[in-house]
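Subject: Structure handover

Hi,

Here is the structure I promised to pass on. Please open it next to this email and find each residue as you read. My notes follow it.

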Amino acid sequence: SASRTLGPRLPSADSQPRRIILIRHGESLGTVDERAYVSMADWCVPVTSHGNDQALEAGRSLSRLLGKEKAFFYVSPYKRTMQTLHGILQALQPHQMQGMRVEPRLSEQQFGNFQDYDEMLRCKKERAVFGRFYYRFPNGESGLDVYNRVDSLVSTMRRDSSFHDCDNLVLVTHGLLIRLFLMRWYQWSVIRFERTRNPDNCGRVVMVAAPQTRTSGGMRHYHLHEDAGILADLDTRRENWTSEPNPIRYVDGQWRVLAPLDNFGI
């Protein structure tokens with residue numbers, strides 16, 4: 001259906017946020033030294049001083065975007081995302097903050113407790129060949145596992161009244177979570193997901209409700225705008241967000257492969 005293709009259904013068209021804004025955390029200690037994960041739990045890794053500066057600048061930029069409007073925040077409980085949100089809020093005006101919720105489903109992909117540095121390097125090389133979506137880290141999560149968390153979160157968002165009548169919903173989270181949120185929202189294929197990349201630290205992706213456009217169920221369409229480079233090799237025009245070439249279709253009463261699967265990157 002149109003509503004399924006163009007995004008999930010929030011409680012009512014008039015109460016949906018005008019923008020959904022996705023922000024990655026600032027530079028962390030793990031960004032500059034992956035050996036930090038050997039002796040420090042991933043969820044305890046802090047931002048660097050540069051990461052804190054990035055968060056402050058992200059807050060100033062967000063404040064300019066909001067103007068007189070308010071924002072409601074969902075944030076991952078990881079230390080680096082909480083610190084990033086703290087920096088963002090320092091730059092906002094008091095009237096721009098409506099509320100916040102710490103949301104565990106926005107947590108980073110789980111890599112399996114304390115990490116063995118050499119083993120993790122091997123796994124990441126293997127993942128680059130295997131594919132990010134389906135690759136599962138030993139004792140950790142696959143991208144598909146994280147996608148299922150995001151799917152559950154989107155369902156919660158459809159029922160959450162905390163941000164109703166708020167113009168902006170902001171998610172402060174992790175790079176992979178942002179990509180999988182967009183994949184879930186716009187119903188991207190796995191192939192399209194694999195062509196994206198993580199935003200820069202404190203990079204921002206903005207989904208803007210198109211004025212006076214509704215799905216058949218009366219819900220808003222959201223145009224995708226971003227300045228973080230996540231969609232560098234994708235066409236972000238709305239009509240092409242969901243127009244995936246489908247190699248298998250139901251034609252004349254039977255399922256048919258319309259072209260060699262190699263043409264679709266399969």
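The side chains of Arg 204 and Ser 61 are joined by a polar contact of 3.0 Å. Please keep in mind that this is a predicted model. Arg 204 belongs to strand S5, which covers residues 204–214. Is Arg 204 buried or exposed? Its relative accessible area is 17%, so Arg 204 is buried. The cut-off for buried is under 20%.

Now go to Thr 196. You will find it in the loop between helix H9 (190–194) and S5. Its side chain has a polar contact of 2.9 Å with the side chain of Arg 179. The side chain of Thr 196 also has a polar atom 2.6 Å from the backbone oxygen of Phe 193. Thr 196 has a relative accessible area of 6%, so it is buried.

Cys 202 is in that loop too, between H9 and S5. Look at its backbone. Phi of Cys 202 is near 65°, which is a positive value in a residue other than glycine. Cys 202 is buried, at 12% relative accessible area.

Gln 187 is another residue to check for phi. It is not a glycine, yet its phi is positive, at about 60°. Gln 187 sits in the loop between H8 and H9. Its relative accessible area is 27%, so Gln 187 is partly exposed.

Next, the aromatic rings. How many aromatic pairs does a search of the whole structure find? It finds 10. Take Phe 111 and Phe 137 as one of them. Their ring centres are 4.8 Å apart, and the angle between the planes is 80°. That makes the pair edge-to-face. Phe 111 is in the loop between strand S3 (97–102) and helix H6 (117–130). Phe 137 is in the loop between H6 and helix H7 (143–159). The pair therefore ties together parts that are 26 residues apart in sequence.

Phe 133 and Tyr 147 make another pair. Here the centres are 5.9 Å apart and the planes are at 75°, so this pair is edge-to-face. Phe 133 is in the loop between H6 and H7, while Tyr 147 is in helix H7. They are 14 residues apart, and the pair links distant parts of the chain. Phe 133 is buried at 4% relative accessible area. Tyr 147 is buried at 17%.

Some rings form a group. Phe 111, Phe 130, Tyr 135 and Phe 137 are linked by ring pairs into a cluster.

One ring has a charged neighbour. Arg 35 lies over the face of Tyr 117, 3.8 Å from the ring centre.

Tyr 117 comes up again in the cavity. The structure has 1 cavity of 30 Å³ or more. The space in this largest cavity is about 30 Å³. Which residues line it? They are Glu 34, Tyr 37, Val 38, Gln 115, Asp 116, Tyr 117 and Met 120. Helix H3 (36–39) and H6 are the elements that give two or more residues to this lining. By class, the lining has 4 nonpolar, 1 polar and 2 charged residues.

Then there is the largest pocket. Its volume is about 410 Å³. It is lined by 20 residues. Arg 24, Tyr 37, Glu 108, Phe 111 and Lys 124 lie nearest its centre. Note that Tyr 37 also lines the largest cavity, and that Phe 111 is also in the ring cluster. Helix H2 (29–32), H6 and helix H8 (175–186) each give two or more residues to the pocket lining. H8 gives the largest share, 3 residues. What is the make-up of the lining by class? It has 3 nonpolar, 8 polar and 9 charged residues.

Ser 152 and Arg 105 are 47 residues apart in sequence. In space they are 8.1 Å apart, C-alpha to C-alpha. Ser 152 has 32% relative accessibility, so it counts as partly exposed.

Best wishes

Technical notes:
Residues are numbered from 1 along each chain as its sequence is written. This is a predicted model: local features need pLDDT of at least 70, side-chain atom pairs count only at pLDDT 80 or more; totals for chains, interfaces and linings use all residues. Side-chain values use heavy atoms; hydrogens and water are left out. Rings of Phe, Tyr and Trp (its six-membered ring) pair if their centres lie within 6.5 Å; planes under 30 degrees apart count as stacked, over 60 as edge-to-face and the rest as tilted. Helices (H or I, at least four residues) and strands (E, at least two) are DSSP runs, numbered from the N terminus. Buried means under 20% relative accessible area, exposed over 50%, partly exposed in between (1.4 Å probe, protein chains only). A charge sits over a ring if NZ of Lys or CZ of Arg is within 6 Å of the ring centre and within 35 degrees of the ring normal. On a 1 Å grid over the protein atoms alone, a cavity is a set of points where a 1.4 Å probe fits but cannot get out, and a pocket is an open set with protein on both sides within 12 Å along at least five of seven lines; lining residues have an atom within 4 Å of a point. Grid points are joined across faces, edges and corners, and a volume is the space filled by probe spheres set on the points. Ala, Val, Leu, Ile, Met, Phe, Trp, Tyr, Cys and Pro count as nonpolar, Asp, Glu, Lys and Arg as charged, and the others, Gly among them, as polar. A polar contact is a pair of N or O atoms within 3.5 Å; within protein, one must be able to donate a hydrogen and the other to accept it, and residues adjacent in sequence count only if both atoms are side-chain atoms.
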